[in-house]
Amino acid sequence: MNFDLTDEQKMIYKMIREFAEEEVAPGAEQRDKEKRFPVEMFKKLGDLGLMGLPFPEEYGGGGADTVSFAIVVEELSRACGSAGITYSAHISLGGAPINMFGTEEQKQKYLTPICTGESLGAFGLTEPNAGSDAGGTETTAIHQEGEWVINGSKCFITNASYAKNLALTAVTDRKDGEKEITAFITSTEAPGFKVIDNYEKLGLNSSNTTELIMEDVRVPEENMLGKRGNGFRQFLMTLDGGRIGIGAMGVGIAQAAYEKALSYAQERKQFGKPLSKFQATQFKLADMAMKIELARTMVYKAAWLKDQGRKFAKEASMAKLYASEICMEVCTQAIQIHGGYGYMKDYHVERYYRDGRLLEIGEGTSEVQRMVIARELGC
Amino acid sequence: MNIYVILKRTFDTEEKIVIENGKISEDGVEFIINPYDEYAVEEAIKLRDEHGGEVTVVTVGEEESDKQLRTALAMGADKSVLIDDEDVEDGDQFSTAKILAAYFEDKEVDIIIGGNVAIDGASGQVGPRLAELLDIPHVTTITKLEIDGTNVKIERDVEGDVEVIETSLPVLVTAQQGLNEPRYPSLPGIMKAKKKPLEELEIDDLDLDEDEVEGKTRTLEVYLPPEKQAGKVLEGELDDQVKELVSLLRSEAKVI
């Protein structure tokens with residue numbers, strides 16, 4: 001057993017913590033209000049080589065491991081949840097499927113710009129009638145004259161306004177009532193491809209969430225990602241990795257809320273002493289710190305298993321489920337400790353609360369995580 | 001150019017100082033590159049990128065200083081040297097300067113850059129002492145550095161004013177805040193740092209005797225500054241407050 005981070009992981013932690021505190025945290029509240037996506041921040045992350053963190057160096061990646069990825073997502077999320085989700089989706093939904101299932105040519109062409117940060121990574125899976133039940137996919141791809149013609153729509157797609165290409169799933173055939181789902185790498189600039197960015201969200205306001213409309217979008221044959229009919233399996237594998245990212249986000253946002261609550265409790269005086277001297281507050285803070293520590297340990301374990309090339313689906317689901325649920329518990333208590341001030345925007349905790357709520361839904365709801373875990377248990 | 005940086009591992013600025021048995025406890029403390037030395041590393045990398053050559057980062061300290069050297073390598077330095085001073089008794093600025101002088105004795109040096117002070121001991125002595133021992137000029141607290149051939153133009157901070165100095169290579173300078181903005185180590189930098197050379201030397205390797213470099217200063221006592229007392233807020237009519245203040249200054253604070 002060894003709970004120490006490696007020297008590289010420690011250096012990455014130090015670097016991203018400093019970066020997040022100096023470059024990400026300062027404008028977070030303002031960006032949330034203005035719903036502004038910070039393009040320049042991701043340019044800087046690209047300059048630092050972080051946009052391709054876990055991918056091979058031959059495609060411009062950093063060759064770092066999943067634990068390092070979790071560290072970066074946690075630290076970005078601690079500073080700004082929107083930055084965390086953008087980065088996590090970029091790597092684990094945008095880059096990872098191309099890295100896992102792409103051909104050499106596809107990686108050269110589509111993974112490289114993701115690694116440099118020239119294009120953000122995105123993944124078109126969810127549809128208006130296909131959320132937890134991806135079998136409801138209605139987008140179709142029909143083979144015509146050596147090309148695939150795609151029609152349909154996707155919803156809640158992160159980063160697509162800033163992605164030059166993205167992988168999306170479509171029904172390529174129906175056999176005995178079963179849908180054959182296949183993934184394609186599609187240019188967002190292709191004729192007939194529309195990216196609409198006008199959702200009004202509860203939180204994560206400075207992240208980019210879009211709707212995709214495809215009308216006779218033509219995709220060349222060589223842009224099929226992975227094997228025909230494997231789209232469903234591939235996206236399940238993609239989501240396994242993504243869950244580590246969402247778990248790390250939960251830890252980061254919870255950590256931020258806990259730190260704000262602790263320092264407020266130490267300063268705020270009522271009935272002649274700081275809140276932190278009241279047992280009611282102490283118990284809350286102790287529970288918060290404990291839950292965060294446990295969630296982080298679980299996220300690291302899932303990441304470590306992945307790095308060892310072992311099975312990690314169950315642990316990734318546990319990490320995502322636990323971290324996202326304790327994130328909400330911690331944010332609720334952080335607001336409670338702040339009292340009326342916690343309800344006000346200037347104290348940040350209300351933003352953490354709004355941002356954190358997505359984590360119990362995105363990349364598999366808490367209910368779906370429990371289904372995944374139960375399935376792994378043999379139920 | 002042969003560019004050298006002298007660097008020290010110090011307490012993280014956010015750490016709380018705890019004294020145990022008359023010594024500052026290092027239990028569970030985070031260590032960092034002395035912040036002023038970070039300016040030195042940054043300036044060295046910029047000089048190398050502009051003029052070519054190589055940046056070597058040298059530290060005198062405990063074995064664990066390799067972490068800080070690796071960080072400097074991750075930022076972009078080319079090579080590093082750790083001189084272990086574990087065997088030196090009561091090492092002080094004299095010891096460090098003497099050890100460094102022995103290291104530099106057979107080196108071709110164009111410039112040595114250090115921090116203005118280390119934030120722990122804050123003596124600011126090692127740089128100037130080393131320059132004296134090497135018999136090269138030194139300029140402290142610099143905020144701007146321009147090198148043209150062997151001509152060196154420097155701006156230095158003199159208690160808020162600027163002094164412009166011209167000198168020539170080889171030279172030793174110490175960095176003041178404002179000299180530059182140290183870069184973050186990049187991810188490729190971090191991944192490559194382990195493959196860059198980190199030479200570890202003992203005092204013996206420099207033909208030095210432990211006695212020769214034994215510290216010249218003695219620590220008599222280590223104590224924390226007294227805790228801040230809560231202030232006193234005067235109340236009542238303004239005239240009465242003034243009278244009370246004067247009397248307190250006279251009787252309690254005894255400053256008038």
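At what angle do helix α1 and helix α3 of chain A pack, and how far apart are their axes?

A: Happy to take you through it, bearing in mind that this is a predicted model. In chain A, helix α1 covers residues 7-24 and helix α3 covers residues 39-47. The two pack at an angle of about 155 degrees, and their axes lie 12 Å apart. An angle over 145 degrees counts as roughly antiparallel, so α1(A) and α3(A) are roughly antiparallel to each other. As for handedness, the crossing in which α1(A) passes α3(A) is right-handed.

Let us stay with chain A and turn to its backbone. Most residues other than glycine have a negative phi. Against that background, A:N159 is worth a look, with a positive phi near 75 degrees. You will find A:N159 in the loop that links β3 (147-158) to β4 (165-175) of chain A. Its relative accessibility is 0%, so A:N159 counts as buried.

A:E363 also has a positive phi, near 55 degrees, and it too is a residue other than glycine. A:E363 sits between two helices of chain A, in the loop from α10 (349-356) to α11 (366-377). With a relative accessible area of 15%, A:E363 is buried, because the cut-off for that class is under 20%.

Now for chain B, where the backbone has a feature of another kind. Most peptide bonds are trans. The bond joining B:L169 and B:P170, however, is cis, with omega at about -5 degrees. B:P170 belongs to the loop between β11 (161-168) and β12 (171-175) of chain B.

Chain B also has a nonpolar patch on its surface, of about 480 Å². Its members are B:L238, B:V242, B:V246, B:V255 and B:I256.

To place B:F104 relative to B:H138, count 34 residues along the sequence; in space, the C-alpha atoms of the two are 15 Å apart.

Technical notes
Residues numbered from 1 in each chain as written. Chains lettered and ligands numbered in written order. Predicted model: local features only at pLDDT ≥ 70, side-chain atom pairs only at ≥ 80, totals over all residues. Heavy atoms only, no water. Patch = residues over 30% accessible without salt bridge, like charges linked within 9 Å, V, L, I, M, F, W, Y side chains within 5 Å. Areas by Shrake-Rupley, 256 points an atom, 1.4 Å probe, with all protein chains shown as cover. Salt bridge = Lys/Arg side-chain N within 4 Å of Asp/Glu carboxyl O. Axes fitted to C-alpha atoms, helices over the stretch in contact; angles between N-to-C directions. Helix = DSSP H or I, 4+ residues; strand = E, 2+ residues; numbered from the N terminus. Parallel < 35°, antiparallel > 145°, perpendicular 65-115°, else oblique. Left-handed = near helix turned anticlockwise from the far one by under 90°. Buried < 20%, exposed > 50% of the residue type's maximum accessible area, 1.4 Å probe, protein only.
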